[in-house]
Amino acid sequence: MTQNARISATETIKAFKDDAQPQGERAVAVPGFERPVPGEVRFRDNDAMGHMNNAVHLTFLEVARAHYWKFLFGTKDYKDVGFILARAEVDYRSPAYCGETLMVGIRTEKLGDSSFTMRYQIRERDHGRKIADTGTVLVMYDYAERKKASIPKNIREAIQRFEGI
């Protein structure tokens with residue numbers, strides 16, 4: 001872990017919650033989520049129907065997870081992230097279009113021995129239109145041993161403190 005991971009849990013939580021939207025961005029509340037992560041729908045994200053392709057929703061989740069992990073643990077390098085995506089579900093609510101800014105709410109909902117469940121909600125920034133309700137199951141993974149691993153105590157405790165679970 002990086003030196004940033006050595007700050008107290010209170011400082012980490014404050015940094016995540018206080019890391020406001022980029023200058024000029026208008027934050028839209030995502031009910032039930034502390035801080036939404038923004039992302040813009042790019043031209044290349046669209047499909048032949050003229051809206052964001054269904055597979056791109058998972059990329060928005062990945063970006064939100066990286067943001068969450070970075071602020072919670074100071075991790076900037078994916079080699080430091082010891083989990084893999086085991087399951088993803090997306091309930092599509094409305095289409096997203098090129099040029100729209102989406103806000104992705106993210107939280108850890110459940111911790112198991114080796115896995116954890118994250119919930120997300122994607123909303124369009126300007127009007128708050130719900131784009132999708134989503135969830136993922138991630139499993140801690142030992143790449144050297146090529147097998148699942150238990151959630152390390154420091155990670156479990158940090159998530160529990162941050163999420164209040």
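## Briefing: helix packing, aromatic pairs and a few residues to look at

Trp-69, Phe-73, Phe-83 and Phe-116 come together as one aromatic cluster. Keep in mind that this is a predicted model. The chain carries three helices and six strands, and reading from the N terminus the elements go α-β-α-β-β-β-β-β-α. Of its 165 residues, 41% are buried. Among contacts with a separation of 6 or more, 66% link residues 24 or more positions apart.

**How H2 and H3 pack**

- Helix H2 covers residues 56–73 and helix H3 covers residues 153–163; their axes sit 11 Å apart, at an angle of about 100 degrees.
- Angles of 65 to 115 degrees count as roughly perpendicular, so that is the label for H2 and H3.
- On the H2 side, the contact uses Tyr-68, Trp-69, Leu-72 and Phe-73.
- H3 answers with Asn-154, Ile-155, Ala-158, Ile-159, Phe-162 and Glu-163.
- Sorted by class, the residues in this H2–H3 contact are eight nonpolar, one polar and one charged.

**Aromatic pairs**

- The chain's aromatic pairs number six.
- One of them joins Tyr-68 and Phe-162: the ring centres are 5.8 Å apart and the planes make 80 degrees, so this pair is edge-to-face.
- Tyr-68 belongs to helix H2 and Phe-162 to helix H3, so the pair ties together parts that lie 94 residues apart in sequence.
- Both partners are tucked away: Tyr-68 is buried at 1% relative accessibility, and Phe-162 is buried at 9%.
- Tyr-141 and Tyr-143 make another edge-to-face pair, with 4.9 Å from centre to centre and 75 degrees between the planes.
- Tyr-141 is partly exposed, with a relative accessibility of 21%.

**Arg-107, on strand S3**

- Look for Arg-107 in strand S3, which spans residues 101–111.
- Its relative accessible area is 26%, so Arg-107 counts as partly exposed.
- The Arg-107 side chain gets to the backbone oxygen of Gly-32 at a distance of 3.0 Å.
- Arg-107 and Arg-119 are 12 residues apart along the chain, and their C-alpha atoms are 5.5 Å from each other.
- Setting aside residues up to four places away in sequence, Arg-107 touches Gly-32, Phe-33, Tyr-68, Thr-117, Met-118, Arg-119 and Glu-163.
- Two names on that list, Tyr-68 and Glu-163, also turn up in the contact between H2 and H3.

- Asp-45 sits in the loop that runs between strand S1 (37–40) and H2.
- With 3% relative accessibility, Asp-45 is buried.
- Apart from neighbours within four places in sequence, Asp-45 contacts Glu-40, His-51, Met-52, Asn-53, Val-56 and Phe-60.
- Arg-146 is in the loop between strand S5 (130–142) and strand S6 (147–148).
- Arg-146 is exposed, at 67% relative accessibility.
- Check the backbone of Arg-146 too: phi is positive there, at about 60 degrees, although the residue is not a glycine.

Terms used: Residues numbered from 1 in each chain as written. Predicted model: local features only at pLDDT ≥ 70, side-chain atom pairs only at ≥ 80, totals over all residues. Heavy atoms only, no water. Axes fitted to C-alpha atoms, helices over the stretch in contact; angles between N-to-C directions. Helix = DSSP H or I, 4+ residues; strand = E, 2+ residues; numbered from the N terminus. Parallel < 35°, antiparallel > 145°, perpendicular 65-115°, else oblique. Contact = heavy atoms within 4.5 Å. Nonpolar A, V, L, I, M, F, W, Y, C, P; charged D, E, K, R; others polar. Buried < 20%, exposed > 50% of the residue type's maximum accessible area, 1.4 Å probe, protein only. Polar contact = N/O pair within 3.5 Å; in protein donor to acceptor, adjacent residues only side chain to side chain. Phe/Tyr/Trp six-rings, centres within 6.5 Å; stacked < 30°, edge-to-face > 60°.
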